[in-house]
Amino acid sequence: MKTFPLQIGTPDGLLFSGEVERVVCRTITGELAILAGHINYCTAIGMGQAHIILPDGSRRNAACIGGMLSMMHGSCSLLATTWEWEEDIDRERAEAAKTRAQEKLNQTQIDEQEYKIFRAKLQRALVRLSVNDH
Ligand code: ATP
C-alpha cells in the first residue's frame, strides 16, 4: 500500500516522524482517515481514539485530544494539544481522574465553569481508558 510522510507534534515536541499508510483520528466533525493521495486539507481535531498504520502493516494506538491536522502536497502534519501513545497512558492515573471528575460532577453545588472543566476532564479520562483498555 502507498505511504506518505506524517509528523505528529505536541507542545512537548515531535512524537513521530516517518512514513505511514494511514492516520486516523477524531475531528470536531467526526472520524477522519488520511491515506496517501488525499487532497490538500485542514481540520480541527476533537477528542478520541487515534491510530497510525505503519508501512509494515502494524498499528499504533493513541489518545488524541485537540489540535490541527493538515495534509498539504502529500505530507501530513498533526499538531495535537495532547497525543499519548497507548503504552504511555497511565491507566491508574486515568481511573483516578475519572473518579475525581465523576465525584465533582455529582456534587449539587457546582458552578457552570467547574462543570465544564470536570466534564472535559471526565471525557479525557474516558478516552485514555478506551485506548488503554487492558
Ligand atoms: P489529571 O487530572 O490526571 O492531570 P487531566 O485530564 O487533567 O488528568 P491533562 O491536563 O489532559 O490531564 O494532561 C496534563 C499532562 O499530563 C499532559 O501532558 C498529558 O499527556 C498527561 N497525562 C494526563 N493524564 C495522563 C495519563 N493517564 N497517562 C499519561 N499521561 C497523562
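## Figure legends: views of a predicted model

**View 1. Contacts and overall extent of the chain.** In this predicted model, 51% of the protein chain's contacts (heavy atoms within 4.5 Å) between residues at least 6 apart in sequence join residues at least 24 apart. The C-alpha trace spans about 55 × 30 × 25 Å along its principal axes. Of the 134 residues, 40% count as buried, that is, under 20% relative accessible area with a 1.4 Å probe, protein chains only. Residues are numbered from 1 along each chain as its sequence is written, and side-chain values use heavy atoms, with hydrogens and water left out. Local features need pLDDT of at least 70 and side-chain atom pairs count only at pLDDT 80 or more, while totals for chains, interfaces and linings use all residues.

**View 2. The open seven-strand sheet.** Helices (H or I, at least four residues) and strands (E, at least two) are DSSP runs numbered from the N terminus. The sheet has the order β2-β1-β7-β6-β5-β3-β4, with mixed pairing; two strands pair if DSSP finds at least two bridges between them. Its edge strands, β2 (13-20) and β4 (30-35), each pair on one side only. Neighbouring strands are turned by 35° against each other on average, direction ignored, with axes fitted to C-alpha atoms.

**View 3. The β6 and β7 pair, and helix α2.** Strands β6 (residues 59-72) and β7 (residues 75-85) pair in the antiparallel sense over 10 bridges. Leu69 has Leu78 in β7 as its bridge partner. Helix α2 (residues 112-131) packs on the sheet and touches β5 (41-53), β6 and β7. The direction of α2 makes about 40° with that of β5, on a scale from 0 to 180 degrees between N-to-C directions, the helix axis being fitted over the stretch in contact.

Notes. Buried means under 20% relative accessible area, exposed over 50%, partly exposed in between (1.4 Å probe, protein chains only).
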